[in-house]
Amino acid sequence: SNSLNNSGTSEFIDTAYYITTINPSMPLNDRMKDKILTKVALKFYSLSTSTGTVTVKVSIDNGTNYTTLISQNAATTAFPTKYYRIEADADTNGASFPTGVEFLFKIETTYKIDPIEFFYDYEVTNSLIS
């Protein structure tokens, strides 16, 4: 839906979100193994002159409870010609990323932030499967 922002122009201000598949693009050999998430990154650009927000969350093994990995304002100083990248190796509280078998990511944006690429990395922990 459209709403009016404080500048009086019509902007999409509701939160848009995208939920990945479980373990997106992960090699088949790793899908059943215990893993620790080590890094996440998101490349995006803004389609708005307003400052939007970008949030990246992960659900481990249950698809319902999410841990926030990244949450920040998305600057629009070079709107709309510049791509932005945000990355993290700890959650928003500074804690290590969670461990588990299945990673399900949720990307949330406001003010027409357009995600372009999502990246994550992990390390296999304690698995007999080679």
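Two strands are said to pair if DSSP finds at least two bridges between them, and the strands themselves (E, at least two residues), like helices (H or I, at least four), are DSSP runs numbered from the N terminus. This is a predicted model, in which local features need pLDDT of at least 70 and side-chain atom pairs count only at pLDDT 80 or more, while totals for chains, interfaces and linings use all residues. Residues are numbered from 1 along each chain as its sequence is written, and side-chain values use heavy atoms, with hydrogens and water left out.

With those terms in hand, the pairing of strand 10 can be read directly: the bridge partner of Lys43 in that strand is Glu117, and strand 4 pairs with strand 10 in the antiparallel sense over 11 bridges. Glu117, which lies in strand 10, touches Ala41, Leu42 and Lys43 when residues up to four places away in sequence are not counted, a contact meaning heavy atoms within 4.5 Å. Although Glu117 and Leu42 are 75 residues apart in sequence, their C-alpha atoms are 5.8 Å apart in space. The relative accessible area of Glu117 is 48%, so this residue is partly exposed, on a scale where buried means under 20%, exposed means over 50%, and partly exposed lies in between (1.4 Å probe, protein chains only).

Strand 4 and strand 7 pair in the antiparallel sense over five bridges, with Leu42 standing opposite Ile86 of strand 7. Two bridges also join strand 4 to strand 8 (residues 99-100), again in the antiparallel sense, and here Lys35 stands opposite Gly100.

Four strands are arranged in the order 3-9-5-6, with antiparallel pairing. Strand 3 (16-19) and strand 6 stand at the edges with a single partner strand each, so one side of each is left without a neighbour in the sheet. From one strand to the next, the twist averages 15 degrees, an angle taken between N-to-C directions of axes fitted as lines to C-alpha atoms, on a range from 0 to 180 degrees.

The loop between strand 3 and strand 4 holds both Asn23 and Ser25. Neither residue is a glycine, yet Asn23 has a positive phi of about 50 degrees and Ser25 one of about 60 degrees.

A nonpolar core here is a set of buried Ala, Val, Leu, Ile, Met, Phe, Trp, Tyr and Cys residues joined through side-chain atoms within 4.5 Å. The largest such core has 22 residues, of which Leu37, Val40, Phe44, Leu69, Phe103, Phe105 and Tyr120 touch the most other members. Two or more residues of this core come from each of strand 4 (35-46), strand 5 (52-60), strand 6 (66-74), strand 7 (84-88), strand 9 (103-109) and strand 10 (113-124). Phe105 illustrates the packing, for its contacts beyond four places in sequence include Tyr18, Ile19, Pro24, Leu37, Val40, Val58, Leu69, Phe118 and Tyr120.

Seen as a whole, the protein chain has zero helices and 10 strands. Buried residues make up 38% of its 130 residues, and among contacts between residues at least 6 apart in sequence, 74% join residues at least 24 apart.

A last point concerns confidence, expressed as pLDDT, the predictor's confidence in each residue from 0 to 100. The mean pLDDT of the protein chain is 82, and 78% of its residues reach 70 or more. Among the elements, strand 9 has the highest mean pLDDT (94) and strand 1 (residues 3-4) the lowest (36). Over residues 1-10 pLDDT stays under 50, and the model has 14 contacts beyond four places in sequence for that stretch.
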